[in-house]
Amino acid sequence: MLRLRNLALLAAVAAAFAGPLAAEDLKVMSFNVRTITGPDGPNRWEMRKDLFADTIRQMDPDVIGTQELGQQQGEDTVARLPQFTWFGRDRFGAHKDEHMGIFYRKDRLKLIKSGDFWLSDTPDKVASITWGNIFPRMVNWALFERLSDHKRFYLLDTHFPYRDSDEEARSKSAHEMAEWVKSLPKGTPVIITGDFNTGPDSESHRMLTATFKDAWMTASDKKGPAETFHNFTGKADKRIDWILYRGVEAKTFETITISKDGRYPSDHFPIQADFAL
């Protein structure tokens, strides 16, 4: 009995001197899914949806900003990963076209509020198109709270236009996003995920990194290639997918090159940054 009391006393003393447990890193992924409607033959969604889910399972992110997501792709993914849920309207304001769908772990994050806006002269008008775009372009956003410590952060997810002639539209899109962020409460961390369809030498990148940091450029520990678009070849030649941030610390960054039997989960490498929140 005395020995048990001594052990209990030692445990109590150890607990008293132990500091609080360090919080887990916030793991943020950006993943261009590749549209379900593409004429992709052996790389069509049916042939890669298991690998897509397995890639997420292996990387274990808390939250994912996706691009080119179809509703069926979202449903297929949460059926394989029931710890996740997702939300977001498509770029026409419904669920028949491409979504900037945001996935998150229900057991780790609480969705406080969410919304969207369009990258145009009329951002509050659903499916609005200006600046020479041929499709609507939009931002899906959310305010999350981490369940473990109640810390909050905003996530914005987007997909900029893709043509070479769209550089001005991409710059205007970056400016609109930067202006929108100014309306957020000061001090609240903000993270941006997206396929920007332009490189880090662009005006869009310069405009956004005037107030945000690029996780690839600042993380102390990096893994994988810088480039992300590989067109199902595994040989990427453009760094067009970025994770930008403010109010947090980027600890690690990985460009994820997982494949199976020569097949990749998408025509883009997904990217993931782990942050101290």
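Contact here means heavy atoms within 4.5 Å of each other, the sense in which packing is described below for this predicted model. The chain has a mean pLDDT of 93, and 92% of its residues reach 70 or more. One stretch calls for some care: over residues 7–21 pLDDT stays under 50, and the model has zero contacts there beyond four places in sequence. Where pLDDT is low, the predicted coordinates should not be read in detail.

Seven strands form an open sheet with mixed pairing, in the order β3-β4-β2-β1-β13-β12-β10. The edges are taken by β3 (84–87) and β10 (221–223); each has a single partner strand, so one side of each is left without a neighbour in the sheet. On average, and with direction ignored, neighbouring strands of this sheet are turned by 20° against each other. Within the sheet, β2 (residues 63–67) and β4 (residues 102–105) run antiparallel and are joined by three bridges. In this pairing, V63 stands opposite Y104 in β4.

Two helices pack on the sheet. Helix α2 (residues 45–59) touches β1 (26–32), β2, β3, β12 (249–255) and β13 (271–276), and its direction makes about 160° with that of β1. Helix α3 (residues 71–80) touches β3 and β4, with a direction at about 165° to that of β3.

An α-helix has 3.6 residues a turn, so residues three or four places apart point the same way. After α2 comes D60, with a positive phi near 55°.

A215 counts as buried because its relative accessibility is 0%. With neighbours within four places in sequence left aside, A215 is in contact with I243, Y245, A250, F253, A273 and F275. As for I191, which lies 24 residues from A215 along the chain, the C-alpha atoms of the two are separated by 9.8 Å.

Technical notes. Residues numbered from 1 in each chain as written. Predicted model: local features only at pLDDT ≥ 70, side-chain atom pairs only at ≥ 80, totals over all residues. Heavy atoms only, no water. Pairing = 2+ DSSP bridges. Helix = DSSP H or I, 4+ residues; strand = E, 2+ residues; numbered from the N terminus. Axes fitted to C-alpha atoms, helices over the stretch in contact; angles between N-to-C directions. pLDDT = per-residue confidence, 0-100. Buried < 20%, exposed > 50% of the residue type's maximum accessible area, 1.4 Å probe, protein only.
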